[in-house]
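Please read the following briefing alongside the sequence and the coordinates.

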Amino acid sequence: MDWSMCTTVMGLGLYETGSSTTSSWMLAKARLHEERSLPRRPASKSFNVPSLDQDDVSTVWVLEETDRMLLCGGGGRRHSDYRAEVSVAGRVPEGEAAVHFSETFRESEDCCCQSVYFSFSMAAPESDSECLFSLDPYHVSEELGFILPDPLEELPPYYQPWMDIALHVPELVHSHKLRLHINEMPLLSIQFLQIHSELRLAHLALSAMTMGYVWQEGRTTRWRYLWMLPHNLAVPYWEVSQRLGLPPILTHADAVLANWKKKDPDGNLELLVSLPGGDSVRGFFMVTLLVELAAVPALRVWRHRAVATALEEISQSMQDMTDALKLMHDYVDPSVFYGIMRIYLSGWKDNTSMPKGLVYEGVQEEPMEYSGGSAAQSSLLHCFDELLGIKHEEKSGEFLTRMRNYMPPAHKQLIQDISLQPSLKGFVQQQASERLNQAFQHCVKKLLALRSYHINVVSRYITVPAARARQLRNQSQESKQEMISRAPTALEERGTGGSGIMSFLKTVRNQTKDTLLPETGKKK
């Protein structure tokens, strides 16, 4: 298959404002800005503004041209001391508005007081609107979502020893020479990695080398040979990881989001680096990339749509994600995935094959534990969960929260910002809108269907092969001809991220189902 960049949602900023106020909210009056170059409109609305002391704000100015609202400092302070930009989405009926805001603080350069910056959008439940919201601070693209745009294919020449090995990991593992090549590799400084895309490629290359080095001999490797990553790999890997805010192990952000290139002018795609498993590796990572691409419309709908329309488009994106995931059956062989590939995606936390973790020589003397790659490291479903208000029980919630540490920090921040907002579900329930209720309900059901289908995929690629492997062991029929016999027994009941995979996935699915709105008005 030629993998092409054909895209097939994630909403922000939809929270209620109304006439009621609490002690944590301050009412500010909308006034006309006195700048001659901008058109004026009557200031007929009042807007709720996040908690600021009354003395901190004297005026709210509305700019019709750019739909901005400037909060200017009172008490004789200059206007630049306190500033907020607010996206106002069209004409908002009283009591039917929605607000999203985020808040950061930084010291003003020219005064001793703090400057306060807000950004929030307002949208009616059903009417279309235009609002200003940028995904740029979160390193999220409107064209590619969380995927790294145009990943580099080469590092500066100084780092060629890394690339010479990283580009040939499958062959070197197969010949049992990868460790030898890595042990002879020079220790390189990371000082010549200047830009983000260089660091991402370096992390990808070092990650592939690390997974191959650790698992080169598969489950037959004895623990005493597997306890340390050599310093010439461990030290630069740690340093690159620290600069990116990523852990020193292969993550979803590496293997999927930053591991693609255009193979030809038609936009067909290829992997930058690979792991043992042949075409199934390529199929696995490319199908996962297509799932990410299918969600891109969901990440940008709030810029242009009202709540109900946005939820409807998010539902369509979820359906597109499910359809993309179905391609896994066509391009990934279950025997190859289970028997060869999975171990190279596995980590050294909650893994009985490496119960103490891995020593990163030259970094610290004690072993460190890191989880392997997992679908839970994709920011998409975390954003959906936070937006829809899906609450996870303690054990699964702890695992999902830990997986956020395996995401680029800016992506993690987006999830965090969504989680801090008031309840979208509560907003929907407070509106007398059948369309809005149906849109929310449909959205949750589509997410539920996606998670149910993921369970089916896991069953085919893990549960069924694991049962076959156990059967062969019990019958003493293990053989090299049976690929599934090569898989480590430690992974039979666990995901590569370390979770008890089926119980975890079913729990998450059930908690998604619990988010559905109560059905009313049923005829008996």
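Gly389, which follows directly after α12, adopts a positive phi of about 75°. This is a predicted model, in which local features need pLDDT of at least 70 and side-chain atom pairs count only at pLDDT 80 or more, while totals for chains, interfaces and linings use all residues. Residues are numbered from 1 along each chain as its sequence is written, and side-chain values use heavy atoms, with hydrogens and water left out.

**Overall make-up**
- The chain contains 17 helices and 13 strands, where helices (H or I, at least four residues) and strands (E, at least two) are DSSP runs numbered from the N terminus.
- Of the 524 residues in the chain, 55% are buried, with buried meaning under 20% relative accessible area, exposed over 50%, and partly exposed in between (1.4 Å probe, protein chains only).
- The accessible surface of the chain is about 24,200 Å², and carbon and sulfur atoms account for 49% of that surface; the areas come from the Shrake-Rupley method with a 1.4 Å probe, and for residues only the protein chains shown count as cover.

**Helix α12**
- Eight of the ten residues of α12 are buried, so that the helix is mostly covered.
- The buried residues of α12 include Ser379, His382, Phe384 and Asp385.

**The largest pocket**
- The largest pocket holds about 1,100 Å³ of space, a pocket being an open set of points on a 1 Å grid over the protein atoms alone, where a 1.4 Å probe fits, with protein on both sides within 12 Å along at least five of seven lines; grid points are joined across faces, edges and corners, and the volume is the space filled by probe spheres set on the points.
- Among the 50 residues lining the largest pocket (those with an atom within 4 Å of a point), Ser374, Ala375, Ala376, Leu381 and His454 are the closest to its centre.
- Helix α16 gives the largest share of this lining, eight residues, and the helices that each supply at least two residues include α12 (379-388) and α17 (501-513).

**His454**
- UniProt lists His454 under "binding site" in an unreviewed entry, and such annotations may be inferred rather than shown by experiment.
- His454 lies in helix α16 (residues 434-474) and counts as partly exposed, at 24% relative accessibility.
- Apart from neighbours within four places in sequence, His454 is in contact (heavy atoms within 4.5 Å) with Leu325, Ala375 and Leu505.
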